[in-house]
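Keep the picture at hand as you read.

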Amino acid sequence: MNKPQVPDFLKNIRIVLARPNHPGNIGSAARAMKTMGLTRLYLVEPKVFPSDEANALASGAVDVLESATVVGSLQEALADVTVACALTSRRRELTTPLSTPRETTPELVARARDGEQVALVFGNETFGLSIEEVEQCNRLVTIPGNPDYFSLNLAMAVQVMTYELFSHTGVNVEYLRADGEAATQGEVEGMCGHLEQAMDDIGYFRRRNSERLMRRMRALFNRSGVLRDEIDILRGFFKQVQRAADGSLKRDED
């Protein structure tokens, strides 16, 4: 199966990092983004950028850093955005709807598919987003976690959110599965018959109920979704067992 293409509408979703302190976090966030098909990174007043440390931690996503847009305010980063999600883990005295990434992403993906500009806004590593920054967004998103210890770093939060987005793109992992043609029922039955004969040849059924045992073996193979080349491997093995049982294998070796 051919490798699927990343949907174009993901270009309508941007990651905005507001006042990031550590260049390594910028690089790690870029890596998290590219892993999930996102490439548009906005940096609001980064303390250090560009940076060799950011490039090192981007690990193959340096192109995301090189194309990043650096702006002087969150207002600039959101100027053409219709849906802006503020990521926060603190209680806020705001009436903006609060939801989890899983609850929010279907709407974000639908809006991006329609051509709207969507932003996920992440705050400073130490202080998060200010009240003023949150007020510039029209969605509040909280990643649920342990109430007694909730400490995701910036890149982790970006990874969680971008994964949830990518999971709604329809891109699956079928292309990673091993190629192989499924065996027909006739081929499975032929293999089971061969197995039964081999087991009989070595005396396996002397103290066992052959009918009951073979019923379970058939159920096992039918449940496993065996492939044609796997049938060939097993039947080759059964043949060698039979040859060993009647002594022909030893004669060949001699």
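E45 sits in the loop between β2 and α2. Its phi angle is near 45°, a positive value in a residue other than glycine. How exposed is E45? With a relative accessible area of 48%, E45 is partly exposed; here buried means under 20% relative accessible area, exposed means over 50%, and partly exposed is in between (1.4 Å probe, protein chains only). Helices (H or I, at least four residues) and strands (E, at least two) are DSSP runs, numbered from the N terminus.

Before going on, note that this is a predicted model, in which local features need pLDDT of at least 70 and side-chain atom pairs count only at pLDDT 80 or more, while totals for chains, interfaces and linings use all residues. Residues are numbered from 1 along each chain as its sequence is written, and side-chain values use heavy atoms, with hydrogens and water left out.

P50 is found in the loop between β2 (40-44) and α2 (52-58). A cis peptide bond, with omega about 0°, joins F49 and P50.

Now look at R19, in the loop between β1 (13-18) and α1 (23-35). R19 is not a glycine, yet its phi is positive, near 55°. R19 counts as partly exposed, at 25% relative accessibility.

On to the charged pairs. Side chains of opposite charge can pair when their charged atoms come close. A salt bridge is a side-chain nitrogen of Lys or Arg within 4 Å of a carboxyl oxygen of Asp or Glu. The whole structure has eleven salt bridges, and the table shows some of them, including the pair of R19 and E133.

| Pair | N to O distance |
|---|---|
| R19 and E133 | 2.8 Å |
| R139 and E107 | 2.6 Å |
| R215 and E211 | 3.4 Å |

R19 and E133 meet in a salt bridge. R19 lies in the loop between β1 and α1 and E133 in helix α6 (residues 131-135), so the pair ties together parts that are 114 residues apart in sequence. E133 is buried, with a relative accessible area of 9%.

R215 and E211 both lie in helix α9 (residues 210-224), four residues apart, about one turn of the helix. E211 counts as exposed, at 56% relative accessibility. Salt bridges that share partners join E107, R111, E116 and R139 into one network.

Finally, step back to the whole chain. Its domain assignment, which is automatic or from a database, gives domain 1 (8-175) and domain 2 (185-246). The C-alpha centres of domain 1 and domain 2 lie 55 Å apart.
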